[in-house]
Amino acid sequence: WRVTQFPATHVPEQREGWLFSSDERFSKGGRFEPPAAIEKADKTDGSGTSAITVNPALEMDARPRKYVFEVTVTGADDQTVTAVKEVKALPPFLIGLKVDRFIQGEKVIRPSLMALDGENKALAGQEVALRILKRQWHSYLKETDFSQGKAKYVTDVVEEPVVEKKLITGAEPLALEFPVAEGGIYVVEASSRDALGRLQVVTVDLYVAGNESLSWKKPQQNVFETASDKKDYVPGDTARILIKSPFQQAHGLAVVEGPDGNTYHAFEVIGGKAVFELPIRNEYNPRIPVHFVLMRGRLPG
């Protein structure tokens, strides 16, 4: 016998806007590191059978995984026959989180929370810890070794707890509401442990629009990041794109590569951020490239 493990993808029944703890992008499980393969030598019994038992409850974490069972039988004439079977092991439950990732016009975060069992049914009575963190980037200059003679920025991510609550899931999703004092980047984190103490976590970051100045991670090159409020758009929507400016005050230019030629849109960066809105037209299907350039004059002195 030889039994090996591989990471498996488990996607619950499609629910619009929901993110689950089985999604590696939003969990904190780290890289999947399977244990060594299980190998066992055996002899068939009087009925010609042999069995092996693998207990998923002995695994260190409860993420979805795939067991590959490979058995090779050698006959009295030294001829071999091999068979392979795959078995998928799912966590006892999943934590689901739904929240708007671009909030404008109000400073209220409204997450929805639920738990699902292995059969994709709502699981009531599961205790979940919900946290809302405010994320900030603190950068400072660090001198490199003397031979290089250059200084570089080092950025630390600081997450300050804003809300911490213990909740119990029900047969229907929990609809929650949390006002926040100021705009910025927030992280909503929901976590729960199974009966063996293994953790399920789902985290989602979001932007709350406000007048407050924001700082971002210092870029190594003259490149900055943007983030859109949705992954896909349909004609008639308005795409809202957040510009994470390395400059607190700057002029910006958006270049839209439309089917009838480029269009140029000027905007201003105030407080280290700007939001560019692009009405989606039918002729933009299936995608539309948008480029951004930031410009800042010399600082006084």
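## Pocket, cores and salt bridges in a predicted model

About 400 Å³ of space lies in the second largest pocket of this predicted model, in which local features need pLDDT of at least 70 and side-chain atom pairs count only at pLDDT 80 or more, while totals for chains, interfaces and linings use all residues. Residues are numbered from 1 along each chain as its sequence is written, and side-chain values use heavy atoms, with hydrogens and water left out.

Of the 13 residues that line this second largest pocket, Pro219, Gln221, Asn222, Pro246 and Phe247 are the closest to its centre. Strand 11 and strand 21 (290-295) are the elements that give two or more residues to the lining, strands being DSSP runs of E of at least two residues, numbered from the N terminus. By class, the lining has 8 nonpolar, 3 polar and 2 charged residues, where Ala, Val, Leu, Ile, Met, Phe, Trp, Tyr, Cys and Pro count as nonpolar, Asp, Glu, Lys and Arg as charged, and the others, Gly among them, as polar. A pocket is an open set of points on a 1 Å grid over the protein atoms alone where a 1.4 Å probe fits, with protein on both sides within 12 Å along at least five of seven lines, and lining residues have an atom within 4 Å of a point. Grid points are joined across faces, edges and corners, and the volume is the space filled by probe spheres set on the points.

Ser245 is found in the loop between strand 17 and strand 18 (249-258). At 2% relative accessibility Ser245 counts as buried, a class that means under 20% relative accessible area, with exposed over 50% and partly exposed in between (1.4 Å probe, protein chains only). Leaving aside neighbours within four places in sequence, Ser245 is in contact (heavy atoms within 4.5 Å) with Trp216, Val269, Gly272, Lys273 and Leu294.

Val269 is also among the 15 residues of a nonpolar core that includes Ala239, Leu278 and Phe292 and lies apart from the largest one; such a core is a set of buried Ala, Val, Leu, Ile, Met, Phe, Trp, Tyr and Cys residues joined through side-chain atoms within 4.5 Å. In the largest core, of 25 residues, Ile95, Ile109, Leu130 and Leu206 touch the most other members. Among the elements that give two or more residues to this core are strand 6 (93-98), strand 10 (127-143) and strand 15 (199-208), and strand 15 gives the most, with 4 residues. Beyond its neighbours within four places in sequence, Leu206 has contacts that include Val99, Ile103, Ile109, Ile185 and Val188.

The structure holds 20 salt bridges, each a side-chain nitrogen of Lys or Arg within 4 Å of a carboxyl oxygen of Asp or Glu. Three of these pairs are set out below.

| Salt bridge | Closest N and O atoms |
|---|---|
| Arg65 with Asp61 | 2.6 Å |
| Glu182 with Lys134 | 3.8 Å |
| Glu225 with Lys244 | 3.7 Å |

Glu182 is partly exposed, with a relative accessible area of 32%, whereas Lys134 counts as buried at 8% relative accessibility. Glu225 in strand 16 (residues 225-228) and Lys244 in strand 17 (residues 238-244) likewise link distant parts of the chain, 19 residues apart, and Glu225 is exposed, with a relative accessible area of 53%. Arg65 counts as buried at 4% relative accessibility, while Asp61 is partly exposed at 29%; both belong to a network of salt bridges that also links Glu24, Glu59 and Arg63.
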